[in-house]
Amino acid sequence: MALQCERWIVSAIDPEIAGQLASDLPREDFVRIVRTFEDDLGRLARILETSVANGDEDGYRRAAHSLAGAAAAVGARRLEQVARIAMDHRNPADPRALALQVRREASEALAELAALAEHPPGAD
Amino acid sequence: MAAAASRILIVEDTPTQAEVAGALLRTLGLEVRVAETGAAALEQAQAWRPDAILMDLDLPDFSGFEAMRRLRAEGVEAAIIVVTAHGSVNHAVEAMRQGAVDFIVKPYAKARLTVTLQNALEKRALVTELREVKAQLGRDRFFGFIGASPAMQAVYRTIESVAASKANVFITGESGTGKELAAEAVHHASPRKGRPFITLNCGAIPRDLLESEIFGHVKGAFTGATDNRSGAAKLADGGTLFLDEIGEMPLDMQVKLLRFVQTGTFQPVGASRPEKVDVRIVSATNRDPWVEVEAGRFREDLYYRLYVVPLHMPPLRERGSDVLLIAAHFLAAFAREERKRLRGFERAVEQVLAAYAWPGNVRQLQNVVRNIAVLHDGDRVELSMLPPMLLRGATGQPVAAVEEAGCPLVDPKVAEIERSEPPYPAPTEPQAVLSSSPQTPFAATPQARPDHEEVFQSLAEVEKRHILAALDRADQDVPRAAAMLGVNPSTIYRKLQAWRGEAASSRH
């Protein structure tokens, strides 16, 4: 099923949010945030997948909620939107497909954040 | 940011969000801690006392609303800022209704977070300041003082204002108003509080010993100076020297004190070199110091050196309901000491205490309450337990009328004692008194006389009888008698000296 995530968002991260963070914070702080985000993604994605496998709807939505919050905090907009779809009781999207998409969006967001950490705005 | 050292508690269960908030706050110079659950937030808020709390509403154990309710119930006064996602603004509004000072929508930029926090912290600082000011205006305890009257609030404020400075303080006030307590308060509220507070009663020390008492002496300086001895000035180095009854200081000694006040240096009696000390001087007198200057009894130049910050202690009659606060305090203390049940005053007694003029001020009130606690027992102090002097003073009725109205002039127990024993002979010479054994029991009601012919004694007579009775009870041990009377031993020494002088002049 075509997910309702807005694919027109070309970049996985919102440069206004992530870029602002990268320029507001010392590089080591921004790197630490990216690492924390990576840990969160790994942990929450696993909980999401386990909850899908176990039919644990409550666990699934709670993990999706946390994912949405973490993604929003670093400007990972596409990931945030997928997570919000997963949070929504009324959305008929297949949880397994959503879990897969979470993995995909997470990877892309992490890659772009890592690049941003390497080359923060104004670094050149 | 203004609140550079403020403490911020982040209540957030998603590490990325906590990390982002923490990193932004640290760049603002704030101290940051994170609580991942509502329970942890409650614990940290109590233990760490944050200035502000960034509160996520969706927590693993209970909601942010519940956390806020519990925080407020536990008396946590931190400014709570609710952090909410898009679409949850209704939640934020609800949180504001429940006591949050503001809300911030995630994701937030550093500038937005800065403004929100700054506003919240400033608001909290204002609330705290307002509460402190209100507390100061209404406080009824201050460094040993008891009293909430406007007159005493002014005293507290003056003491607080001058405490940090090294400026000399000059305390005036009637006898028994707490001048020494005020001097101690100045010392204890000051940065010198860890250093000595030395009291010297200028009126209690023989004229020829005063210089040695203040500045010390070296061995052989005069007959009896068998060792080097530090004076009060040296002992008070780094601290405060309290010169009580400064008006009694002889003029020649005032010259030496002036030099010490001006230079901070002094020369012990018999010493060849001056010594320098760092001393703050607090002086006190129950006289009007300017009248003393005009009368030529006090040096004008010394007056200006010492009278830098005047502090006037109000008489008890000008302190309104402080009388009842102080009486209640003394009653609790003396009842405990005397193992009595007395726990309060009847309403009529309170009215009498409040209406009386208290010429002897707090010290007189203290003696009256002690007298009651020694002689009586019961749940509450009744009208009949009061000394007649108070009843007459309060009602304006002649003593006989008060007695007819059912208020005995004399406590029956005291009357019994006085009937069986001869009246206490008014001493004429203190030495003789000290070696005699007066028959009057300690703390007997001063007015009590078997024949009721002379129903009023002067306060000085009452005080004299009371002090001598206390000395007798203490086997002529002045410090012990002073402790029993709740006064400084120097007060008793001074009184004895004065009586000795009176006796000597009456012989000539």
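**The close look**

Modeller: Let's start with B:Arg26 and B:Glu19, which form a salt bridge with 3.9 Å between their closest N and O atoms. The term stands for a side-chain nitrogen of Lys or Arg within 4 Å of a carboxyl oxygen of Asp or Glu. Side chains of opposite charge can pair when their charged atoms come close. Before going on, keep in mind that this is a predicted model, where local features need pLDDT of at least 70 and side-chain atom pairs count only at pLDDT 80 or more, while totals for chains, interfaces and linings use all residues. As for bookkeeping, residues are numbered from 1 along each chain as its sequence is written, chains are lettered from A and ligands numbered from 1 in the order in which they are written, and side-chain values use heavy atoms, leaving out hydrogens and water.

Back to the pair. B:Glu19 has a relative accessible area of 16%, so it counts as buried (under 20%; exposed is over 50% and partly exposed in between, with a 1.4 Å probe and protein chains only). B:Arg26 is partly exposed because its relative accessibility is 40%.

What do these two residues touch? B:Glu19 and B:Arg26 are among the residues through which H1(B) meets H2(A). Here H1(B) covers residues 15-27 of chain B, H2(A) covers residues 27-54 of chain A, and their axes come within 8 Å and cross at roughly 170°. That angle makes H2(A) roughly antiparallel to H1(B) (over 145 degrees; under 35 is roughly parallel, 65 to 115 roughly perpendicular and the rest oblique). The crossing is right-handed, a label used if the near helix is turned clockwise from the far one by less than a right angle, with left-handed for anticlockwise. Axes are lines fitted to C-alpha atoms, for helices over the stretch in contact, and the angles run from 0 to 180 degrees between N-to-C directions. Helices, by the way, are DSSP runs of H or I with at least four residues, strands are E runs of at least two, and the numbering goes from the N terminus.

On the H1(B) side, the contact also includes B:Pro15, B:Thr16, B:Val20 and B:Ala23. H2(A) brings A:Asp29, A:Arg32, A:Ile33, A:Thr36, A:Phe37, A:Asp40 and A:Arg43. Contact here means heavy atoms within 4.5 Å.

Now step across into chain A, where there is another salt bridge to set beside ours. The side chains of A:Arg77 and A:Asp14 meet at 3.5 Å, N to O. This one links distant parts of the chain, 63 residues apart: A:Arg77 is in helix H4 (residues 77-87), and A:Asp14 is in the segment before helix H1 (15-24). A:Asp14 counts as buried because its relative accessibility is 16%, whereas A:Arg77, at 29%, is partly exposed. The two also belong to a network of salt bridges that takes in A:Glu80 and A:Arg84.

H4(A) has a packing partner as well. Its axis and that of helix H5 (residues 95-118) of chain A come within 9 Å and cross at roughly 160°. This makes H4(A) roughly antiparallel to H5(A), and the crossing is left-handed. Residues on the H4(A) side include A:Leu79, A:Val82 and A:Ile85, and those on the H5(A) side include A:Leu98, A:Val102 and A:Ala106.

For one more salt bridge, look at B:Arg70 and B:Glu66, at 2.8 Å from N to O. The two lie in helix H3 (residues 64-73) of chain B, four residues apart, about one turn of the helix. B:Arg70 is partly exposed at 32%, and so is B:Glu66 at 21%. Over all chains, the count comes to 35 salt bridges.

Finally, the wider setting. Chain A has five helices and zero strands, while chain B has 22 helices and 16 strands. Buried residues make up 52% of the 124 residues of chain A and 49% of the 508 in chain B. Among contacts between residues at least 6 apart in sequence, 73% in chain A join residues at least 24 apart; for chain B the share is 67%.
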